[in-house]
Amino acid sequence: MLEIVSGELRFAAHLEEEAAPETVAAFRRLLPLESRIIHARWSGEACWIPFGELDVGLGPENATCYPAPGQVLFYPGGVSETEILFPYGSTSFASKAGALAGNHFATILEGVEQLLDLGRKTLWAGAQDIRFEER
């Protein structure tokens, strides 16, 4: 299980090892991961963690443009910068360059009811600390 913590909000996610084994392996190399999560500009009801030009050596794998709330995506770069997308509502993954497809590598199983709280907090209060750790 992947534990995700942002302030008082806690989530547990299943890593999609069968559907996205290369993405899960690349993500594990980043763990434990501490960063800041901000509200998405182009993708609708989602937050994101930008990584700039970080190259983890991935291509598309289990990719989608329309993740459901709690389906966490890893975009390995290309048209836009490398990032993690954290959908909390209606999301159409995009950047200023247009539509993107990110690798669905984790699914929130516990704390789903708090996703909206995280989205609102990042929208109205700005960047929030976030930590990812495998348990």
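Student: How many aromatic pairs does a search of the whole structure find?
Tutor: The search finds 6. Rings of Phe, Tyr and Trp (its six-membered ring) pair if their centres lie within 6.5 Å; planes under 30 degrees apart count as stacked, over 60 as edge-to-face and the rest as tilted. This is a predicted model: local features need pLDDT of at least 70, side-chain atom pairs count only at pLDDT 80 or more, and totals for chains, interfaces and linings use all residues. Residues are numbered from 1 along each chain as its sequence is written, and side-chain values use heavy atoms, with hydrogens and water left out.
Student: Why is the pair of F27 and F132 called edge-to-face?
Tutor: Their planes are at 85°, so the pair is edge-to-face, with ring centres 5.7 Å apart. F27 is in helix α1 and F132 in strand β11 (residues 128–134), 105 residues apart. Helices (H or I, at least four residues) and strands (E, at least two) are DSSP runs, numbered from the N terminus.
Student: And F74 with F105, what are the distance and angle there?
Tutor: That pair is edge-to-face too, at 6.2 Å centre to centre and 80° between the planes. It links strand β6 (residues 71–75), which holds F74, to strand β10 (residues 102–110), which holds F105.
Student: Are F74 and F105 buried or exposed?
Tutor: F74 is buried at 1% relative accessibility, and F105 is buried at 0%. Buried means under 20% relative accessible area, exposed over 50%, partly exposed in between (1.4 Å probe, protein chains only).
Student: OK, the core. How many residues has the largest nonpolar one?
Tutor: It has 30, and F27, F105 and F132 are among those with the most contacts inside it. A nonpolar core is a set of buried Ala, Val, Leu, Ile, Met, Phe, Trp, Tyr and Cys residues joined through side-chain atoms within 4.5 Å. Strand β2 (residues 9–15) gives the largest share, 4 residues. A second, separate core of 8 residues includes A40 and L73.
Student: What about phi of N62?
Tutor: Phi of N62 is near 55°, a positive value in a residue other than glycine. N62 lies in the loop between β4 (44–50) and β5 (63–64), and it is partly exposed at 34% relative accessible area.
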